[in-house]
Amino acid sequence: VWPTRREVPPAATMCGILAVLGVGDVSLAKRSRIIELSRRLRHRGPDWSGIHSFEDCYLAHQRLAIVDPTSGDQPLYNEDKTVVVTVNGEIYNHEELKAKLKSHQFQTGSDCEVIAHLYEEYGEEFVDMLDGMFSFVLLDTRDKSFIAARDAIGICPLYMGWGLDGSVWFSSEMKALSDDCERFISFPPGHLYSSKAGGLRRWYNPPWFSESIPSTPYDPVLIRESFEKAVIKRLMTDVPFGVLLSGGLDSSLVASVVSRHLAEAKVARQWGNQLHTFCIGLKGSPDLKAAKEVADYLGTVHHELHFTVQEGIDALEEVIYHIETYDVTTIRASTPMFLMSRKIKSLGVKMVLSGEGSDEIFGGYLYFHKAPNKKELHEETCRKIKALHLYDCLRANKATSAWGLEARVPFLDKSFINVAMDLDPECKMIRRDLGRIEKWVLRNAFDDEEKPYLPKHILYRQKEQFSDGVGYSWIDGLKDHANAHVSD
């Protein structure tokens, strides 16, 4: 049964955006060129395209509709269309924000429309009110000023460039800037660019950012409840979705929490309360075995996808085109994720939840065994979170977006990070003498005897890096391929 217009939930969009502001040439040819460049982002948003031009400013958009696919096409506006926004992202607290904007009239069901109205109400200082993942460009046509902003951790990509004619460019991916800008940069996460102030400033200033050592005692219930909240708010969707399940701790916890709360989520009324989980690996790899075990325990509809080393090697060039980095580890882990995303999309799924961010927050990498004291451990976790946008966030966003699939990452929820990074880091230290392996704080928080989230041996399973978990011969195969084709 199709919902009536009144019942239609908000429109959420994961997309590709391109904005060009202050161009020297306002010919039809220039507009065509911007549309052509915007088309390079179409994989991110295959469902609809939009462009808004005002004098010498252009805002273009490629839309992937995740909630209410019939409305909420962008760009979005305020009531009299003097404020225009193009957004890539999801605003999870849009309902609360709308409640604060009683005098405003909303034209669409889009969760992102609040951005235009918040700007009218609060000026440039509203970004920290947004709870979600986003990159956006907003143009105020009344004085031709504009702002651009990126979410706290940099889950959504954003790049900024400068044209020879003095124009300023913003894009979800570099490929729309590289030919037409004389220089461009990765837009820093947690920052805002203001044309009025003439530069970048950081809007995201959480307590952990200073890297001073926190002292809040460990509270397992608080950790568990704040993570559950982070997962539940990410079930805001109107299309089929699933969970990427490697069988490791982080993805297994995401799957466990979703399966526990799916029945009461709105999405269950539309698509049923059977959770779909997805895993990829070389045949016989550690991840496939572990993921199947977790899926069986949780009773999910599990999809086990296989790839060969040769298929991975054949995809490398395309993977690098999409993820726009030459970082070796990122490419190695992006390749199976890229192949898996294509298969997931072919099944009609448009959104997945994933476990990125946990290792950075809780010191989950194996080298954290070497942390000499809690101060150094805490400082390293801060540094790792600040760098996520260059590595795991970039991989999770672009390897999925390559096929018009959206990835959501509950561990990188703003409130959850605040809770987890406010803990006395002593409890994150790996202490063999106390029987504490890496990420003990997280494992212990979900160690519920009465209603277990996961079987004990999975809850306490040691980490596999994603590119090794998909099968050890993947990394060996890459080395052999490189040795055969690149001489010393």
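Two strands pair if DSSP finds at least two bridges between them. Keep that in mind for the sheet. One caution as well: this is a predicted model.

An open sheet holds five strands, in the order 15-14-13-16-17, and the pairing is parallel. Which strands sit at the edges? They are strand 15, residues 301-306, and strand 17, residues 406-408. Each of these pairs on one side only. From one strand to the next, the twist averages 30 degrees.

Now one pairing in detail. Strand 13 covers residues 241-244, and strand 14 covers residues 276-281. The two run parallel, joined by two bridges. Look at Leu244: opposite this residue, in strand 14, stands Phe278.

Next, a helix on the sheet. Helix 9, residues 328-346, lies across strand 13, strand 14, strand 15 and strand 16. Strand 16 is residues 351-353. Relative to strand 14, helix 9 runs at about 140 degrees.

On to the cysteines. How many disulfides are there? The cut-off is a pair of cysteine sulfur atoms within 2.5 Å. By that rule, the count is zero.

Then Cys427. Buried or exposed? Cys427 counts as buried, at 10% relative accessibility.

Definitions and conventions. Residues are numbered from 1 along each chain as its sequence is written. This is a predicted model: local features need pLDDT of at least 70, side-chain atom pairs count only at pLDDT 80 or more; totals for chains, interfaces and linings use all residues. Side-chain values use heavy atoms; hydrogens and water are left out. Buried means under 20% relative accessible area, exposed over 50%, partly exposed in between (1.4 Å probe, protein chains only). Helices (H or I, at least four residues) and strands (E, at least two) are DSSP runs, numbered from the N terminus. Axes are lines fitted to C-alpha atoms, for helices over the stretch in contact, and angles run from 0 to 180 degrees between N-to-C directions. Contact means heavy atoms within 4.5 Å.
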